[in-house]
Amino acid sequence: MEDTPQLRVGSHVLIQLGRELVTDVEQAILECVKNSYDADSPGCRIEIDTREQGTLYEHGTAGKLARFTAPAENVHVLVKPSEDAEKPADAADPTALVTRQLDYMGRITIEDTGDGLDPAQLRSSWLVISKSRKRTSEGPKAKTLRGRTPLGDKGLGRLGTMKLGDILLVETATSPESDLWRAQFRWADCDVADTVDQIPVQISNEANSAGFKGTRVSILGLNDMPEWRRPRRLNEITRSLAQLISPFEATSTFPVGIVLDGVDQSLSGLANEVLARAVAEFHFRWEDDPQTGNRRLVARALMRKRLLASERNDKQKHKTERAFNGPDRGEGFTKALKSSGRMKQYDKVEVFDDAPWYLEIERTFNWSDFFIEEGLASTRDPGPFTGSFYYFHLNERGPDEAAAAGVGVDSAVIKSMSGISILRDGFKVRSPGDWLGLSSEMTSGSTYGLRVDNTVGYFALTGAENFSLVEKSDREGFVEDATYRGFHTIAQRCQRFASEAMENTRRTLDKYVKDLDDRDAIQAGASVDPLVDISSNLQSAQHVKDVADKAASDLDRSIRRIESGLDSGADVVNETMRVMKATMAAIDEVRSKIVPPGGSDAALKRLKRDMDDKQQQMVGLFESAAVGLSARGLAHELRTHLAEIRQRANAIEKSTKGSSGHQSILPDLRAIRASCSAISGAASLIDPMLPRSRATKDTFSLGEFVGEYFENRRLSLEKSEIAIEVALPPEPTIVRMNRSRLLQVLDNLVRNSAYWLRRAATSGSHPVDRKITVKIDGRGFVLFDGGEGVDPHVEESLFEMFVTTKPEGDPGQGLGLFIISELLSLDACTISLDTERNPSGRRFKFDVDLHAVLFTGDRK
């Protein structure tokens, strides 16, 4: 009779899992520390002893032990008969009793005083890979007696210990009076055994003479011994573990101590003194909204005066002097902050001149700003959580007496802990790279936002509230699903709030100082345009040169006449006096001209400042230009592929003509051709934007132009179920202007409307009339839609750079409306947000004024 087939697991799979699941030795140690936390231990102790040498003995049959003699880096193996240590083991007799002697060097022990394991738990849970009594099928895990939500549920954490050493030994007792139970096995045996069940495991018990309660996990025979013994290794591992175990709490509810070769050090987070050096703090609460019952994000920013009143360079010194050290001692800037259009997007803006925090900003974001209920990009509520960011000026000089985990705190320490961490119950969940995209601040065109090296922060999750966020088996982030997308969307909104709060505050300072400088320059006699002043100065300098040249020539001629003796006596005196008077007159005229006209210095400063501003704008516009170049290439590629698709569709129709299936495929072919036409129409929109067309001005009917645009976009708008209404005036409105510029204006407005209509319909946040209306009149056109309208927070700043309310990840950098307003200004045209409000109380109409390019028939 044949044996019943069984599915077995090769032992080498444990090696593969252990290598891939845990990134480094710190993470491997942390997995053991988290087990101590889950065991309700008050704390735990990590001891690393690279000098320890010891021997373990394992007893069994030759069939179980004899072939497992492979050594490890710091483990020597000897198998010998139990009766006589001098004779070699008889491998031919599998029933012979043998002893396996393991001589090891180096030990890591993670010890706690938690619940401990009884013999049954040791066998049925701890020695069963990927079995965890903490795992639940749904809902939050049951809390421990100390009120903790267990962190582990994979049952795989112990696999990470193979990165540390060869022998895994666990010693545990459930009370000081119960026996001490021991279990051990070797990772090196996994390479020898065929299947997992063949790996030798030793279990034993002994009297608990020391009265120990808890669990002691030891890894014996350390890997990479030179690395453990390297100088400064204790500081490095302490710092690394400090980042993994909440670096943001001055006193931990789960203290961890660490000893390396007899040197003891307490593991704690960043001290309060370190965080106190931050020039800006940002705090976030994803919480219940008592009014709606949904969740909301409350974001709060705190900024110190030295974030703005810096003296790190001459430019900053000038701003500080003008805004804070002037006669009004900063009162004018305080008023500017509260009245600035940029700051009106916040629910609260408060200034405290003499308080530790100079500026406090707060804004609340609603549930509808984040969540989509259907589709591939659906998002779900991750549950309540909090977060904080801390922003530092790394080049500020200050006291370094603060310490984190015994390590001196300076810029290097802050950089080593920079980035945004995710903590669950105080333990870091590793995330791949710059998961929140702080580095994008360096390339987004904004120069005042968060920076990677300058920012330390975290989001604090809990197992109780955020149980639906599931960690990957390798502990490198979360499983990608709707809940994680919801969390990530909220986290990105927090990051944007922090960057925009600093950006808007510092831009307001820049504008305030600019206005002061311009006012002073005008009062000093400078013109509005600094180039006019500079041109005037150049003309004055040329006139000075001409006067000086003439005076020098006359003086030289007179001196030569006197020296030649042509004049004598009274004539010499008279000629000398004449020359001296003429020279003095010339000098006076030169002096009057050489004194710079009032405001010249201010004109140069304003010109330099304007150039700096334009340079910053160019950074953002370059990115848009790069996208435009790609679009050009794509448009040409599309035509080639569309021609191929049409050709193939015709071939399919011909080959099936007359067959029984011909009629059934005709609807599909018609749909393919319609899609090709729509794609071709969309690509044709790019043609007028090419460089060769930019300078061309055409005379055309505004109504026909708008109608042609919507015809090309008809298919995509119909798929989104968006209706179009174009209201024409009694007489055609004729304009003479560049088509490509007007096309970009109309296309940007329509795309924005379509985006918000689709989003509102998907999220169900607002009753939507899915229609875009364009009303053409005798001076231009007005465009609006049946959506929610413009967020009141950005009404005053909508046409400025980098202003957007689109969620992170959605297309848009906040440049579109700024660009089209600049394009219109080239033709002396404007775009504005009409003051009329919809039933939701929001402004919603965009008014495009084209009166400057209206064609009356007499223009050439």
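**Reading contacts and burial**

Mentor: Start with Thr334, which touches Val351 and Tyr358, leaving aside residues up to four places away in sequence. Contact here means heavy atoms within 4.5 Å. This is a predicted model: local features need pLDDT of at least 70, side-chain atom pairs count only at pLDDT 80 or more, and totals for chains, interfaces and linings use all residues. Residues are numbered from 1 along each chain as its sequence is written, and side-chain values use heavy atoms, with hydrogens and water left out.

Trainee: Which helix holds Thr334?

Mentor: Helices (H or I, at least four residues) and strands (E, at least two) are DSSP runs, numbered from the N terminus. Thr334 sits in helix α10, residues 331-339.

Trainee: Is Thr334 buried or exposed?

Mentor: Buried means under 20% relative accessible area, exposed over 50%, and partly exposed in between (1.4 Å probe, protein chains only). Thr334 has a relative accessible area of 18%, so it is buried.

Trainee: Why is Arg507 classed as buried?

Mentor: Because its relative accessible area is 14%. Arg507 belongs to helix α12, residues 482-523.

Trainee: What does the side chain of Arg507 make a polar contact with?

Mentor: A polar contact is a pair of N or O atoms within 3.5 Å; within protein, one must be able to donate a hydrogen and the other to accept it, and residues adjacent in sequence count only if both atoms are side-chain atoms. For Arg507, the partner is the side chain of Glu503, at 2.8 Å.

Trainee: And the whole chain: how many helices and strands?

Mentor: The protein chain has 20 helices and 26 strands. Of its 860 residues, 47% are buried.
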